[in-house]
Amino acid sequence: MRESSENLRPQPQRSRRCRMRPVKKETGFFLLIFKRGESVMVFSSASFLIFFLPCLLVLYFLVPRRCRYLRNLILLAFSLAFYACGGPKFLLLMLLSIVINYVGGLLAGPAHRAGTRRLGMTLAVVLGLALLGWFKYAGFFGEMLHALLPVVPVPQVTLPIGISFFTFQGLSYVIDVYRGDAAVQRDPLKLALYIAFFPQLVAGPIVRYTTVAEEIDERHESVSEFSAGAVRFLFGLGKKMLLANAVARIADAAFAAVMPSVLFAWLGAVAYTFQIYFDFSAYSDMAIGLGRMFGFHFLENFNYPYVARSVTEFWRRWHISLSTWFRDYVYIPLGGNRRGRARTALNLAIVWALTGLWHGASWNFVIWGLYYGVLIILEKLVLADFREKLHGAAQHIAALFLIVVGWTVFYYTDMGCLGKHLGAMFGIGAAGLSDPVTMAVIRKYTVLPLIAAIASLPILPRLKAWLGKHEKLEGAADIVSLVCLTALMLLSMIFIVGQSYNPFIYFRF
């Protein structure tokens, strides 16, 4: 998943136990389908950009616009093929999930009595979560049970890619139908397209059915919409290839060190903070852009989260589709903040424990979720007045400090490695304040953290707003934009050809 950084330090400094397992190199699209999931189809791959997407675009737009149903079938067929690249056997699991939600939606609709509607919704939720629970958490809880009762074997279950995302999408549809917020979709193929549509299938954003229901039946593709989607896609591609993969080299070097210095430990944590943002937001940009190319409009999933002045604000800006999902389907049904401070704190703790567990079957994710739960409880219920008295810059620095520490917890699934790195960040077990390895990394990648920091700021929308006020500059701005996009595409393609298979971080969830 990450590039080797052997040239940054002597071989004895490597800690293989703490590094993530290497992944296979990319193979061709058609080989992917028949080699039983050797590799997952990714947007930033030659297979997708040279074979999959062009073939889909040609077939899709050759079909007349009036043949909407046929266009939908083409999108569905390619979406299923896209998912099959990550493991054909798991395609049956996703189809089963679609069937569960389709039947659950029919039973939960207004045509039935209250008891039948409740039964349909309950069955869909229980069965959907049961599938998610078995494939994602059976091994985790099995290990804990095995530790208590060694005679109990640990289930060996392979995690299907994207199961957390398409499960939550299906559940939101059935629950919205039960609540009366969404109409029943009686065509199983249309519901299948909603759940399996390839841009958001593997790593989100989690799209509500109400967001795209009308566009499944009637959408208006146009040259302007297609070009806007293509620009958004290229922007995301550049973020992934030129920023996320670049800062990953720094993070790799620091997280692989046996005994990093304090500065190196913090440098790695900050680099990973930028890596995961550019990596995940790049996927969301590309998903939103692809959807728009075909006439679908997904909601934004990121809103410059690192400008936040509090942890609460950070989560309003980060992975917005997940935050709103837990708010609408867990936090508010539990009572939200309407039942007193103690119940509000409990509801927040439950939501954030589930948020952490949603990200993975590992204790670090549980700790990470509870970490944010405690911080948000403190911000909302204990420190609100004190925080408001702080200067805006102090609020921002404090929020960033807590966020960086949080991403360090998020990175390590090995508790021993997590403890060592966190300790090194605060001077415990560190190789001094700095060391030659740290300085070598800083000299080699001096500009990367600065570029990443600038790119994480809302400079582009402000620049667009400023240009919009100066009509005389619009022509020049269009030319500059075209040149920049062309350069972005060419550079991204060069990196794609030169690098091995490098999936998005959130493919793990």
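So, disulfides: this structure holds 0 of them, where a disulfide is a pair of cysteine sulfur atoms within 2.5 Å. Quick caveat: this is a predicted model, where local features need pLDDT of at least 70, side-chain atom pairs count only at pLDDT 80 or more, and totals for chains, interfaces and linings use all residues. Residues are numbered from 1 along each chain as its sequence is written, and side-chain values use heavy atoms, with hydrogens and water left out.

Cys85 sits at 0%, so we call Cys85 buried, while Cys67, at 27%, is partly exposed.

Okay, the nonpolar core, meaning buried Ala, Val, Leu, Ile, Met, Phe, Trp, Tyr and Cys residues joined through side-chain atoms within 4.5 Å. The largest one has 144 residues, and Phe198 and Trp318 are among those touching the most other members. Helix 11, residues 262-293, gives the most to this core, with 16 residues; helices here are DSSP runs of H or I, at least four residues, numbered from the N terminus. There's also a second, separate core of 9 residues, including Val262 and Ala430.

What does Phe198 touch? Leaving out residues up to four places away in sequence, its contacts include Phe43, Tyr283 and Phe294, with contact meaning heavy atoms within 4.5 Å.

Last stop, Arg208, in the loop between helix 8 (198-201) and helix 9 (209-217). Arg208 has a relative accessible area of 16%, so it's buried. A polar atom of the Arg208 side chain lies 3.2 Å from the backbone oxygen of Thr324.

Methods. Buried means under 20% relative accessible area, exposed over 50%, partly exposed in between (1.4 Å probe, protein chains only). Helices (H or I, at least four residues) and strands (E, at least two) are DSSP runs, numbered from the N terminus. A polar contact is a pair of N or O atoms within 3.5 Å; within protein, one must be able to donate a hydrogen and the other to accept it, and residues adjacent in sequence count only if both atoms are side-chain atoms.
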